[in-house]
Amino acid sequence: QVQLVESGGGLVQAGGSLRLSCAASERTFSSSSYAMGWFRQAPGKEREFVAAITWSVPYYTDYADSVKGRFTIARDKSKNTVYLQMNSLEPEDTAVYYCAAGPVRSRSVHLYDYWGQGTQVTVSS
């Protein structure tokens, strides 16, 4: 089983920034096209796509329209870690944020095989 652990969530005022980290078990991934993504879920809502990145070549990034220009996804293969830098946070960004891993880059929650437990992000107005 792939283990993913999120960290970095917290409480921040609107306009502030947070950086989320998703650490995977060492040497978890071997596929050159493996992908990792960030999703979020607010109470009473479905889990929605935020951003995705391929683990290795070919290199792709993808962002939901709601976060494009504000959030940046990045990877550090030496640390088996994916980051989500969140700037200009808005109250609408409040949710539990999950990282996920799957065999191909996708915006669909159904195409990811492994999930972390989530980290809470709360943005106050």
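Buried means under 20% relative accessible area here, while exposed means over 50% and partly exposed covers what falls in between. Keep that in mind for the views below, which all come from a predicted model.

View 1. Is Asn-80 buried or exposed? Its relative accessibility is 11%, so Asn-80 counts as buried. Now hop to the loop between strand 8 and strand 9, where you'll find Ser-88. With a relative accessibility of 41%, Ser-88 counts as partly exposed.

**View 2. Phe-39 meets Phe-49.** To describe a pair of aromatic rings, you give the distance of the centres and the angle of the planes. The model has four aromatic pairs. In one of them, the ring centres of Phe-39 and Phe-49 are 5.7 Å apart and the planes stand at 75 degrees, so this pair is edge-to-face. Phe-39 belongs to strand 4 (residues 35-41) and Phe-49 to strand 5 (residues 48-54), so the pair ties together parts that are 10 residues apart in sequence. Phe-39 is buried, at 0% relative accessible area, and Phe-49, at 10%, counts as buried too.

**View 3. Phe-39 again, this time with Tyr-112.** Here the ring centres are 5.2 Å apart and the planes are at 75 degrees, so Phe-39 and Tyr-112 make an edge-to-face pair. Tyr-112 comes from the loop between strand 9 (95-102) and strand 10 (114-115), which puts it 73 residues from Phe-39 in strand 4. Both Phe-39 and Tyr-112 are buried. Along with Phe-49 and Trp-115, they form one aromatic cluster.

**View 4. Two arginines over rings.** Look for Arg-47: its charged end sits over the ring of Trp-115, 4.9 Å from the centre. Arg-105 lies over the face of Tyr-60, 5.1 Å from the ring centre.

**View 5. Met-86 in the largest nonpolar core.** This core has 35 residues, and those touching the most other members are Trp-38, Leu-84, Met-86 and Tyr-97. Among the elements that give two or more residues to the core are strand 3 (18-24), strand 7 (71-76), strand 8 (81-86) and strand 11 (119-124). What does Met-86 contact, leaving aside its neighbours within four places in sequence? Its partners include Leu-18, Leu-20, Phe-71, Tyr-97 and Val-121.

Conventions
Residues are numbered from 1 along each chain as its sequence is written. This is a predicted model: local features need pLDDT of at least 70, side-chain atom pairs count only at pLDDT 80 or more; totals for chains, interfaces and linings use all residues. Side-chain values use heavy atoms; hydrogens and water are left out. Rings of Phe, Tyr and Trp (its six-membered ring) pair if their centres lie within 6.5 Å; planes under 30 degrees apart count as stacked, over 60 as edge-to-face and the rest as tilted. Helices (H or I, at least four residues) and strands (E, at least two) are DSSP runs, numbered from the N terminus. Buried means under 20% relative accessible area, exposed over 50%, partly exposed in between (1.4 Å probe, protein chains only). A charge sits over a ring if NZ of Lys or CZ of Arg is within 6 Å of the ring centre and within 35 degrees of the ring normal. A nonpolar core is a set of buried Ala, Val, Leu, Ile, Met, Phe, Trp, Tyr and Cys residues joined through side-chain atoms within 4.5 Å. Contact means heavy atoms within 4.5 Å.
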